[in-house]
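Please look over the sequence and the structure shown here before reading on.

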Amino acid sequence: MFIGSTRTAPRPEAGSAAGRRRLMATYEYSCNRCGLFDVKLPIGTAPTAHVCPQCSHTARRVYSSPATAFTPPAVAGLREQEKKSRENPAVVTRVPPERAAPRPAHPALARLPRP
């Protein structure tokens, strides 16, 4: 091998074991006795019924919206705050006071005109 070589590992052939590897998805099932549980199966292979891992009874598949996007905590907090303000908005009784402009740290900047 040469120094600085850009060779990569060979891609798996379509018929090889690595080429047949399938992507996994999480499917949700509901057992009448135990409640909800998740099962990881290859995409597109989920049956409508699955055996409950706790009580071994048949559980039916639950269709729910997929978790396709991650919501950052800051965005989730803002959405929650907006939801609360729909039904119970904050009431403003007076105009907030004006804040004083911060003094510039450099003396030459203090002589510039202020808006």
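## Terms and basis

A residue is called buried when its relative accessible area is under 20%, exposed when that area is over 50%, and partly exposed in between, with a 1.4 Å probe and protein chains only.

This is a predicted model, in which local features need pLDDT of at least 70 and side-chain atom pairs count only at pLDDT 80 or more, while totals for chains, interfaces and linings use all residues. Residues are numbered from 1 along each chain as its sequence is written, and side-chain values use heavy atoms, with hydrogens and water left out.

## Cysteines

With a disulfide taken as a pair of cysteine sulfur atoms within 2.5 Å, the structure holds 0 disulfides. C34 is in no disulfide, and the cysteine sulfur nearest to its own, that of C55, lies 3.6 Å away. C34 is partly exposed, at a relative accessible area of 33%.

C52 is likewise in no disulfide, and its nearest cysteine sulfur, that of C55, is 3.7 Å away. C52 is buried, with a relative accessible area of 2%.

## Strands and their pairing

Strands are DSSP runs (E, at least two residues) numbered from the N terminus, and two of them pair if DSSP finds at least two bridges between them. Strand β1 (residues 24-31) pairs with strand β2 (residues 35-42) in the antiparallel sense over 8 bridges, and the two form a hairpin with 3 residues between them. Within this pairing, A25 stands opposite L41 in β2.

β1 also pairs in the antiparallel sense with strand β4 (residues 58-62), over 3 bridges, where S30 stands opposite R60 in β4.

Definitions and conventions
Helix = DSSP H or I, 4+ residues; strand = E, 2+ residues; numbered from the N terminus.
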